[in-house]
Amino acid sequence: MIDIDNIFKYKVPDREKLLANGFVYADRVYTKDVFIMRKQFVVQISVTDTGAVHFKVFDTETNEEYVLVHVPGARGAFVGDVRKACEKVLIEVSNKCFHTELLRAEQTRRIVEFIKENYGAEPEFLWEKYPNYAAFRNRENEKWFAVIMTIDRSKLGLPGHGNIEIIDLKDIPDNVEQRIDENVFFKAYHMNKKHWYTICLDGSVSDEQIKNLSMTLPENAVFSRALKNFHFLSGSFSFMTIFRDFQFFFDKITE
């Protein structure tokens, strides 16, 4: 079977690229026909505005749909060849007409842009097993200072299921203990719970509050220089120093 969900995982359609690559837009759907197997079949691909991708295969002589390509139990060399040809077409569409967007929540994107613009740190996607886990690193001392992850909301004890993007931050133990309320500030997900806490990037904590927390990072030389002209009413905040040992974090997220 063709794993279409995996081919378009973390992918977002690009209107200009779709149109430039032969797709036609009508009724909020982009469509394109691609011949395969020496024009014995045609693959009809549709992409919705929301990024849902579907395809059908038709015999060009009879105009009948070749449904076996979608049947899990269908075996044989010929149907295998058709699937391979379809998969090749879909991968090409994914690469040419979509862009990758690993971090999707609106607040996540705003916080990432704030970190990039103010601290010059780019998200690093370091783990093949967890492609939407992003670490941010101080360019001068190579220490990470934030980690953004996508997890199931039930992992934090939130009701229901479904993915949610989070950011793990570090503070001194007293501040962490006082801040945890299991409502908007949670015990750290997959980090040392004595020194770390988790915030959901769903608007439950305002952008400004997260930004203020990120700006009180005394152990980060780059950030400290940027803060020389700032005065904070509370001196109790400290922020994120990341584990120096890459393997420690990797072991934690894979345990």
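Tyr 10 counts as buried because its relative accessibility is 18%; buried means under 20% relative accessible area, exposed over 50% and partly exposed in between, with a 1.4 Å probe and protein chains only. The model is a predicted one, in which local features need pLDDT of at least 70 and side-chain atom pairs count only at pLDDT 80 or more, while totals for chains, interfaces and linings use all residues. Residues are numbered from 1 along each chain as its sequence is written, and side-chain values use heavy atoms, with hydrogens and water left out.

**Residues with positive phi**

- Tyr 10 is not a glycine, yet it has a positive phi of about 65°. Its place is the loop between α1 and β1 (11-13); helices (H or I, at least four residues) and strands (E, at least two) are DSSP runs, numbered from the N terminus.
- Arg 28, also a residue other than glycine, has a positive phi near 65°. Arg 28 is found in the loop between β2 (24-26) and β3, and it counts as exposed because its relative accessibility is 61%.

- Strand β3 (residues 29-36) pairs with strand β4 (residues 41-48) in the antiparallel sense, over eight bridges. Two strands pair if DSSP finds at least two bridges between them.
- Thr 31 has Ser 46 in β4 as its bridge partner.
- Four residues lie between β3 and β4 in their hairpin, and Met 37 in the turn has a positive phi of about 55°.
- β4 and strand β5 (residues 53-59) run antiparallel and are joined by seven bridges. The bridge partner of Val 42 in β5 is Phe 58.
- The hairpin of β4 and β5 has four residues between the strands, and Gly 51 there takes a positive phi near 100°.

**Surroundings of Met 37**

- Met 37 lies in the loop between β3 and β4 and counts as partly exposed, because its relative accessibility is 25%.
- Residues up to four places away in sequence aside, Met 37 touches Phe 78, Asp 81, Val 82 and Ala 85; contact means heavy atoms within 4.5 Å.
- From C-alpha to C-alpha, Met 37 and Asp 81 are 8.4 Å apart in space, although 44 residues apart in sequence.

**Aromatic rings and charges**

- The whole structure holds 10 aromatic pairs. Rings of Phe, Tyr and Trp (its six-membered ring) pair if their centres lie within 6.5 Å; planes under 30 degrees apart count as stacked, over 60 as edge-to-face and the rest as tilted.
- One of these pairs is formed by Phe 41 and Phe 78, which is tilted, with 6.0 Å centre to centre and 50° between the planes. This pair links distant parts of the chain, with Phe 41 in strand β4 and Phe 78 in helix α3 (residues 77-97), 37 residues apart.
- Phe 41 counts as buried because its relative accessibility is 2%, whereas Phe 78 counts as partly exposed at 37%.
- The pair of Phe 136 and Phe 145 is tilted because the ring centres are 6.3 Å apart and the planes stand at 40°. Phe 136 and Phe 145 are both buried.
- Phe 114, Tyr 119, Phe 136 and Phe 145 are linked by ring pairs into a cluster.
- Lys 39 lies over the face of Phe 35, at 5.5 Å from the ring centre. A charge sits over a ring if NZ of Lys or CZ of Arg is within 6 Å of the ring centre and within 35 degrees of the ring normal.
- Arg 179 lies over the face of Phe 185, at 6.0 Å from the ring centre.

**Nonpolar cores**

- The largest nonpolar core has 28 residues, and Ile 45, Phe 55, Val 57 and Cys 86 have the most contacts inside it. Such a core is a set of buried Ala, Val, Leu, Ile, Met, Phe, Trp, Tyr and Cys residues joined through side-chain atoms within 4.5 Å.
- At least two residues of this core come from each of α1 (4-7), β3, β4, β5 and α3. Its largest share, eight residues, is supplied by α3.
- Another core, of 23 residues, lies apart from it and includes Leu 103, Leu 169, Phe 185 and Leu 201.

**Overall figures**

- The protein has eight helices and 11 strands.
- Of its 255 residues, 44% count as buried.
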